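Please walk through the structure below one part at a time. The text takes up an annotated stretch, then a metal site, then some loop residues and a group of rings.

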Amino acid sequence: MSIISNAKELAELIKKVGDIELYRRIVELEGEIIELTRNNRELEEQLQKIKKQSNAIEKLTRKNSFYFLDNDNDPYCPYCVEVEQLAVHLHKTTKISGGRRMWACPSCKTEFAYWSE
Ligand SMILES: [Zn+2]
């Protein structure tokens, strides 16, 4: 039985006893338990996301100031990888600067000159 079910069951038992103040307090406690359970779920989801990102970053190799996965020629954002610990692909733009294609990070919005077409 979950902690929320236990709290609801306890609230019902206290309601039958007829102590209004005790019932009010247990309903408040039930609300706090629901909130904590929701927060815990959100933290677990964030932890899973961080673990996935961490696994993705471990697979990247640094070459010429950019990060790459094996068999993938599109670079990852060096700022996001090193500072934010996020594996974010750079996106090719239509801009050319100094004869090199500009690539942009959709996350941190930084643009990089990169030699690949
Ligand atoms: Zn970035």
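The UniProt record, an unreviewed entry, annotates residues 26-63 as "coiled-coil region"; positions from UniProt are given in the numbering used here, feature names are shortened, and annotations may be inferred rather than shown by experiment. Helices (H or I, at least four residues) and strands (E, at least two) are DSSP runs, numbered from the N terminus.

The model is predicted: local features need pLDDT of at least 70, side-chain atom pairs count only at pLDDT 80 or more, and totals for chains, interfaces and linings use all residues. Residues are numbered from 1 along each chain as its sequence is written, and side-chain values use heavy atoms, with hydrogens and water left out.

Next comes the metal site. Four SG atoms, those of Cys77, Cys80, Cys105 and Cys108, coordinate the zinc ion at 2.2 to 2.4 Å. Donors are N, O and S atoms within 2.8 Å of the metal (3.2 Å for Na, K and Ca); water is not among the atoms, so sites may look incomplete. The angles subtended by the four donor atoms run from 105 to 115°, so the arrangement is tetrahedral, a term for four donors with all angles between 85 and 135 degrees. Along the sequence, the donor residues follow the spacing C-x2-C-x24-C-x2-C.

How accessible are the cysteines of this site? Cys105 counts as buried because its relative accessibility is 2%, whereas Cys108, at 25%, counts as partly exposed. Buried means under 20% relative accessible area, exposed over 50%, and partly exposed in between (1.4 Å probe, protein chains only). Cys108 lies in the loop between S4 and S5. Apart from neighbours within four places in sequence, Cys108 is in contact (heavy atoms within 4.5 Å) with Cys77, Tyr79 and Cys80. Val88 is 20 residues from Cys108 in sequence, and their C-alpha atoms are 9.3 Å apart.

The loop between S4 and S5 also holds Lys109. Lys109 is not a glycine, yet its phi is positive, about 70°. With 61% relative accessibility, Lys109 counts as exposed. Gln85 likewise is not a glycine and has a positive phi, near 60°. Gln85 sits in the loop between helix H3 (78-84) and strand S3 (91-97), and at 46% relative accessibility it counts as partly exposed.

The last topic is the rings. There are four aromatic pairs in the structure. Rings of Phe, Tyr and Trp (its six-membered ring) pair if their centres lie within 6.5 Å; planes under 30 degrees apart count as stacked, over 60 as edge-to-face and the rest as tilted. Phe66 and Tyr114 form an edge-to-face pair, because their ring centres are 5.0 Å apart and their planes stand at 65°. Since Phe66 is in strand S2 (residues 66-68) and Tyr114 in strand S5 (residues 111-114), this pair ties together parts 48 residues apart in sequence.

Tyr114 also pairs with Trp103: the centres are 5.5 Å apart and the planes at 90°, so this pair is edge-to-face. Trp103 belongs to strand S4 (residues 100-104), eleven residues from Tyr114 in S5, and the pair links distant parts of the chain. Trp103 and Tyr114 are both buried, and Phe66 is buried too.

Ring pairs join Phe66, Phe68, Trp103, Phe112 and Tyr114 into a cluster. Over the ring of Phe68 sits the charged end of Lys63, 5.2 Å from the ring centre; a charge sits over a ring if NZ of Lys or CZ of Arg is within 6 Å of the ring centre and within 35 degrees of the ring normal.

Methods: Tetrahedral: all angles 85-135°; square planar, octahedral: opposite > 155°, others 65-115°.
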